[in-house]
Amino acid sequence: MDLFFGQLQNGVVLGALYALIALGYTMVYGIIQLINFAHGEIFMVGAFGALSVFTWGSLQGTTTWVALPLMLVGAVIASVTTALLAERFAYRPLRNAPRLAPLITAIGLSIVLQELVRTSLPIPGGQQIFDGATRAQPFPQLIGGESIDLGVTSISRINLTIIVVALVCMVALIQFVNRSRTGRAMQATAQDPDTARLMGINVNRIIVTAFLLGAALAAVAGLMHGLRYGNVDNRIGFIAGLKAFTAAVLGGIGNIGGAVLGGFFLGLVETMATTYMPGDFGGGAWKDAWAFVVLVLVLVLRPQGLLGEKVADRA
Amino acid sequence: MTPEMTRVERLDDMIAARVGGRGWLVAVLGAALVAISALLPWTYTDAYPENLTVYFYPAGPQLYVLALSVVALVLLVGERVDVLGRLVRLAVPHGTGGTVRALALGSFLISVGVVLRMIVLLGGSVNVDPGGYLAVVGALLLMIGSRVLPSDDPLPLRAKLPAAVEIAIVGVSMLVMLVLVVRGLALDEQESFSAFAVFAGFLVFAAARAGLIGWVSQLSSRHYGVTVAAAFVVAALFPFTQGGANRYLNVMANVLIFAIVAIGLNIVIGLAGLLDLGYIAFLGVGAYTGALLSGSQFSTVDWVPPFPVVLALGALAAALFGVIIGIPSIRTRGDYLAIVTLGFGEIFRITVNNLGGTGSGPDITNGPNGIPDIPALEFFGWNLGEDLNIFGFELGFFANYYFIELVLLAFVVLVFVRANNSRIGRAWVAIREDETAAAAMGINTFRLKVSAFVLGASLAGLAGVIKAHLSTSVEPTQFQFLESAFLVAAIVLGGMGTVTGVLLGATILRLLPEKLRFIDEYRLLIFGAALILVMRFRPEGLVPSARRAREFHEEEITERLAREQVAGSPVTGSRGGQP
Amino acid sequence: MSATAAPAPAPAAPERAVPVLEAAGVTMRFGGLVAVREVDLVVNEGEIVGLIGPNGAGKTTFFNCLTGLYQPTSGEVRYRGTVLPSVSYKVTDAGVARTFQNIRLFQHMTALENVQVGSHTRTKSGLGSAIARTSNFKREEKGSVDKARELLQFVGLTRAGGTLARNLPYGDQRRLEIARALASDPGLLLLDEPTAGMNERETTDARDLVFAIRDRGLAVVVIEHDMRFIFSLCSRVAVLVQGQKLVEGSPVEVQRDERVVAAYLGEPTGADESDEEVLEVLAAEERARTAEPTPDHDREATP
């Protein structure tokens, strides 16, 4: 039973991270029908942003209550800047190009970001701080301490933190999209950009907002990832990105609630499958494969996802 | 100047205003200076590769700028002299403006590059002799002066020459290409190679601006069959230029495998329009089939059938996987197809990585270590692991693989071309253009898409079998997503839907990293950046099919036409103050 | 104006009516919107049937239901007695071809290639014979080229074979679409607004073309807004309004029907007879009742 609850926790935490990243995918796709292949790298950049702040700012030994917010700021700045630059210079010029172009650009961007982090993160003084960041870089474990006893099981502080932070972010986003003026404008643009433009909505600004929000959430996820798993490297974005995309599609691409649902679902499936699948097909080696299997199944059998609607092809 | 002009046009206007009619003089002066500088030393030390220290003994980059500037000089002067003028016009159908500008830019980049490299390598500008600086100045003048020359002015179709002459011209162009490639391969130091690469590149670019490339293309399409045969003959000459060394034969053998696979993928992407990001898995299926049936001690299968059987099995296995992966994937829509195939590709990699008997699955593929120690191919008594001796030439044993791959390449290109020019090929294009309309024409779009997918898969399977023997080992890491991305890039950069373009893209992508080892660290970074830039500025690739170029630039063309209508000026015509 | 003073009278329907198309109770629902409601239509051999109605009446949607582009919510479509599956390519294979309202040619292929694609379902060579270049393949290719050329000539595009579809003038593009549709040797041809955007002369040519198609043995259904074209062409006209078939009959009958006129011109307002507007509308109705067919004022200028 302990194993079950332990793995349940792990699944939920993993799901929370996937959900945060998935939101970025879903928002951008909902508005401009672009699979932002490089979004996983935005997540990775956020993690490294937080790590950089910690290292450059020599925050070793500073109290968590000061260090963490600073790291968060660092993460968000890194992710958001990258995302905005990408949107402005890589994606926007290709707004009207055939669909192949932005997809390939996104692949190129993903590779560029991975490599930039690997080769070029500098430190004042001219030395490469990350020494080839393909090797996992240790991430400060700022949230530790005893697990909190919940009676039937106990939950570690870091797990609790992640779940709470993620839920707060998701709720905030949903409120924003449903209640605020900009949020409603985003929904309008997602449904029909041309009409939205006619209604006076600055579509470009909305698109930028979508990228911005997605990046911010991914940054939070990056920071959480580092705190939880203890290390980061330049490749975490690729796999996490694909899985988060799976989650977004699973829930229904373009649907914010769907992204959340899909994220948690995928996290649980992945954790439970590796623990409980019988024989040789359980275990960590097949971990990633399960996510891909889910991806394939969803895209083939129910591409509109759990919460999405079928889009009719009007001739 | 109007606000709608591009930045380059505004710069040209500024130059024209200052330099005016003296542009020609400035250009000639510049070219002359460059030529002279080539005969002067550029440095006094031989620490810089290729001896650039002797008077009247140009070498390496000096030779290159000498060649470029002399050609520019001849074109510039020849134009103004009556008799020569007609000859120049013959040789340079599009007018000298664009050609000279290309030559100028090439000289400039080479001279500046060399001088800067000298400063860095030798530690200080004092190490650069006046010759080097003169080259830079001269090239700069040439560039400025040439900007006021009239623009390209395409002449109507040229008269036909006798067939034999036309074929000879095509053959000569191919031999020139071969020479350039062989020379380029032979240069080992990064400075020499880079200078040569820029030289060769701009030579080709200048020829393109001159209209020569277009002309040769026309000739080759007029004598298509002969051209293709000639291309293979010239390619087969390559091993004979290596003097028995194996190193570059190995490289080129790998390039050929890559090219074969790229053409196979081109059927899927370029013809049927299916973006497959997991194509490398099919190469992997073929490779593992070949490896398992090769008799290697690490193979988990004891059977070692003759080579033709292995080939057939490899293609069959890959085709089977093509059906299994294709049927569900093709049911998905557009972008999703790319992601699904990516997913399948990764599932393949993870599976072969885990089927190693060490607790995560039965031992079929020997897990992460893969299957090393694959013996050389052997069939009909021919052992591909032994050196050859043909017509008295010693050929390293990789030449065997090279030749067999040339045959396979010929086969794959044949399949591509014939599939393209057929009822099925037309149906594929129709599906790509407007799937709904295609279905309304009676085309079973699903079945046709799957057939493209499976055909592409089986061709990759064939290549995989040979690759297993060429690389002598097969491992899961050889089949990661990045490899698929490289293949897609080769097609996109080279030009989708055309054989020449894809071959060019594949060669460049596979060959350059070999030679530019000094940027090995940044290899992937440059690759990613190149993808972004190409999709931004030239999405139809280097050698676009006419169709694709139109598809991508539709907006631009419409915009430009609209602009010109508003401005009231004709669509064609020169700029820069010339009538 | 045009040389013909009055349009040639449409020939009477043949004695023995052999049904080519039988659509029964076709209904198409998009969520809450019912675009087509219980529409029946029978087309006999050698007939040219017109389908008219205001914009948004569901005419094109109906065509899409017939040809398998949409799967009708309910209803049945039979071609020569056999039920048609609601799958696009199978419908064409069975013998029903169509053109589209907003021309859907394969823009980057030549006119000849477009027509060749049209004959896809009547040819057989697959990848195997294409790669091996068997004599069967070569024969079929030549046949396909010859047939395409013949069809291009038939529609009046003899010299346009090598031109890219997108470079053809608008009227030629419409004719190319018809040639492409004919390449599948259909028994029934569905034309969706074939004369949209055409001028007087082109329209007359189009009419003659449709007659020529009929003379080749096909039945034709035409969606159009140009009333003169319809009435001079069709032996029977069906009127679709808001998804339902309002009236069906000979052109003269349909023209005179009050409901049809009302659907196009709108219901008169209020009961105050001194109202100028009302008088105008009544006058228009009177004219429509007694006068000869007049050009349709409602015709939209579609590109």
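**View 1. C:Glu38 sits in strand 2 (residues 33–44) of chain C.** Helices (H or I, at least four residues) and strands (E, at least two) are DSSP runs, numbered from the N terminus. Phi of C:Glu38 is near 50°, a positive value in a residue other than glycine. With a relative accessibility of 51%, C:Glu38 counts as exposed; the cut-offs are under 20% relative accessible area for buried, over 50% for exposed, and partly exposed in between (1.4 Å probe, protein chains only). A word on what you're looking at: this is a predicted model, where local features need pLDDT of at least 70, side-chain atom pairs count only at pLDDT 80 or more, and totals for chains, interfaces and linings use all residues. Residues are numbered from 1 along each chain as its sequence is written, chains are lettered from A and ligands numbered from 1 in the order in which they are written, and side-chain values use heavy atoms, with hydrogens and water left out.

**View 2. C:Glu193 also has a positive phi, about 50°, although it is not a glycine.** Look for C:Glu193 in the loop between strand 7 (188–192) and helix 7 (200–215) of chain C. This glutamate is buried, at 5% relative accessibility.

**View 3. B:Arg426 and C:Glu141 form a salt bridge, with their closest N and O atoms 3.1 Å apart.** B:Arg426 belongs to helix 16 (residues 423–433) of chain B and C:Glu141 to helix 5 (residues 135–155) of chain C, so this pair joins two chains. Both ends are buried: B:Arg426 is at 11% relative accessibility and C:Glu141 is at 16%. A salt bridge here is a side-chain nitrogen of Lys or Arg within 4 Å of a carboxyl oxygen of Asp or Glu. By that rule, there are 28 salt bridges over all chains.

**View 4. Within chain B, the side chains of B:Glu435 and B:Lys449 meet in a salt bridge (3.0 Å, N to O).** Helix 17 (residues 435–440) holds B:Glu435 and helix 18 (residues 445–471) holds B:Lys449, so the pair ties together parts that are 14 residues apart in sequence. B:Glu435 is partly exposed at 34% relative accessibility, whereas B:Lys449 is buried at 10%.

**View 5. C:Glu150 pairs with C:Arg216 in a salt bridge (3.2 Å, N to O).** This one links distant parts of the chain, 66 residues apart: C:Glu150 is in helix 5 of chain C, and C:Arg216 is in the loop between helix 7 and strand 8 (219–223). C:Glu150 is partly exposed, with a relative accessible area of 36%, and C:Arg216 is partly exposed too, at 42%.

**View 6. In chain A, salt bridges that share partners join A:Lys243, A:Glu270, A:Lys287 and A:Asp288 into one network.**

**View 7. A:Ile148, A:Leu150, A:Leu160, A:Val164 and A:Val168 make a nonpolar surface patch of about 400 Å².** Patches are made of residues with over 30% relative accessible area and no salt bridge; like charges are joined within 9 Å, and nonpolar side chains (Val, Leu, Ile, Met, Phe, Trp, Tyr) within 5 Å. Accessible areas come from the Shrake-Rupley method with a 1.4 Å probe, and for residues only the protein chains shown count as cover. Helix 5 (residues 157–179) of chain A gives the largest share of the patch, three residues. A:Leu160 is in helix 5 of chain A and is partly exposed, at 33% relative accessibility.
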